Amino acid sequence: MSWRHAGKVQAYNHYGLDQQVAREYNIRLPSQFMVNRWQLTHQALIMLASLNDYDQQQVMKEIDYVTRYPSTTYSTKHSLNPFHRLYRSRYPFRSYHYLVEYKTTGSGQVVINDIYFDRSLYGAKQHYAAERTMLYSVRRTSQHNYDGAKGRGDIEAIQGAWQLDEPVSQINTEHAAVNGMQNEVERAAWLMGAHAQAAYSADGIKGYTLFHNPSDGWKLDLTECLFDKLSRTKSHNAQHLAAVLAQAQQRGKAIKWVAHSQGAIIFNAALVHYRANYGGRLTSQQLAIHGSGANVTKLTQIATSLGIKVVAVRNNPFDLVPNLAGGNDLSPSSLCRSIKFCGLVFGKDSEPGVSPHTLPYLGIETYKEQLRMFGQHKRAVQVQHYINKHTG
């Protein structure tokens with residue numbers, strides 16, 4: 001990315017945003033952009049340029065709004081500088097996760113002073129439906145791996161092996177992940193850490209970037225899955241992820257992705273949106289698919305057509321999500337297996353150690369042993385019958 005520097009640039013000097021400046025800073029101006037209306041400090045411009053295209057477009061909608069209506073009741077006075085105001089952006093949720101700081105000059109000109117994360121909106125929330133779609137840095141805090149059958153204590157240690165850090169505006173790690181439905185952010189952080197480690201076990205992952213797909217409850221999550229599968233227009237999650245993919249490719253950033261459950265549906269929808277709105281190939285990225293809520297054949301086809309290498313697919317044959325929801329195995333035997341084990345996915349017996357869906361699938365023998373370790377002997381016998389049938 002080529003950013004101009006005309007001598008010593010002061011962070012809070014301001015100048016107009018026009019077509020030339022937008023091209024130099026790789027900013028796609030919105031259709032309603034009005035020349036000479038927008039004034040930004042260099043600080044704000046650098047932050048805007050660092051955002052992916054999706055975040056840029058949402059933030060610029062709000063810049064346009066405050067430029068038109070600087071006295072809006074949605075803004076509040078800055079606690080440290082009464083001449084500056086803070087605008088909490090509204091789109092696509094009740095509160096999007098950026099704050100726009102601005103001031104009005106004596107001549108009535110609105111100047112965007114800075115753009116930054118709204119700290120009140122990121123991280124875990126008491127009501128998980130208040131969480132936002134955003135990128136988080138996640139670091140590894142211990143070497144507990146999910147690399148074989150584990151007991152309850154070992155799985156609890158794995159849950160503590162990954163620490164959610166600050167939100168980020170772009171992916172700076174080698175690995176990234178998209179979580180599935182009904183995952184609040186702290187659960188998504190450790191679970192997708194386990195999935196990333198299983199998918200790329202030779203890499204010695206010390207941290208990764210989580211594209212957090214927040215939950216709105218199972219009914220709305222399921223509605224979003226159907227929307228991304230059936231609608232021509234894709235969800236905000238998918239549009240956001242498409243912009244993240246485009247930004248990484250433009251930067252030449254090599255990323256190893258893992259998508260789990262609904263995350264695979266979102267990834268597939270993101271690729272559809274990317275193909276329709278960005279163009280070009282995503283040759284710097286690769287994908288592992290776990291417990292896929294999407295049809296693996298279709299996802300692999302579109303990924304391959306865009307230059308993404310699909311490196312692995314891990315679907316437990318007893319998992320109803322890839323079998324039925326993803327349409328990957330609709331045979332009568334698959335239906336029977338899925339129904340028998342669905343209580344371990346959604347029911348009162350569900351927990352990570354016994355669910356065929358939650359943790360990475362490491363092989364059928366490993367899953368049988370895991371069931372046995374958790375006292376699920378009847379189901380372990382059913383898995384053994386499956387092994388006997390498919391190994392002759």
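Is Ser261 buried or exposed? Ser261 is buried, at 6% relative accessibility (buried is under 20% relative accessible area, exposed over 50%, partly exposed in between, with a 1.4 Å probe and protein chains only).

This is a predicted model, so to speak: local features need pLDDT of at least 70, side-chain atom pairs count only at pLDDT 80 or more, and totals for chains, interfaces and linings use all residues. Numbering starts from 1 along each chain as its sequence is written, and side-chain values use heavy atoms, with hydrogens and water left out.

**View 1. Ser261 and its backbone.** Ser261 isn't a glycine, yet its phi is positive, at about 60 degrees. Ser261 sits in the loop between strand E11 (255-260) and helix H8 (262-277) (DSSP runs numbered from the N terminus: helices are H or I with at least four residues, strands E with at least two).

**View 2. Asn26, another positive phi.** Asn26 also isn't a glycine and has a positive phi of about 60 degrees. The loop here runs between helix H1 (19-24) and strand E2 (39-41). Asn26 is partly exposed, with a relative accessible area of 32%.

**View 3. The largest pocket.** The largest pocket holds about 560 Å³ of space (a pocket is an open set of points on a 1 Å grid over the protein atoms alone, where a 1.4 Å probe fits, with protein on both sides within 12 Å along at least five of seven lines; lining residues have an atom within 4 Å of a point). Its lining has 27 residues, with Met181, Ser261, Val321, Phe346 and His357 nearest the centre. H6 gives the largest share of the lining, 5 residues.

Technical notes:
Grid points are joined across faces, edges and corners, and a volume is the space filled by probe spheres set on the points.
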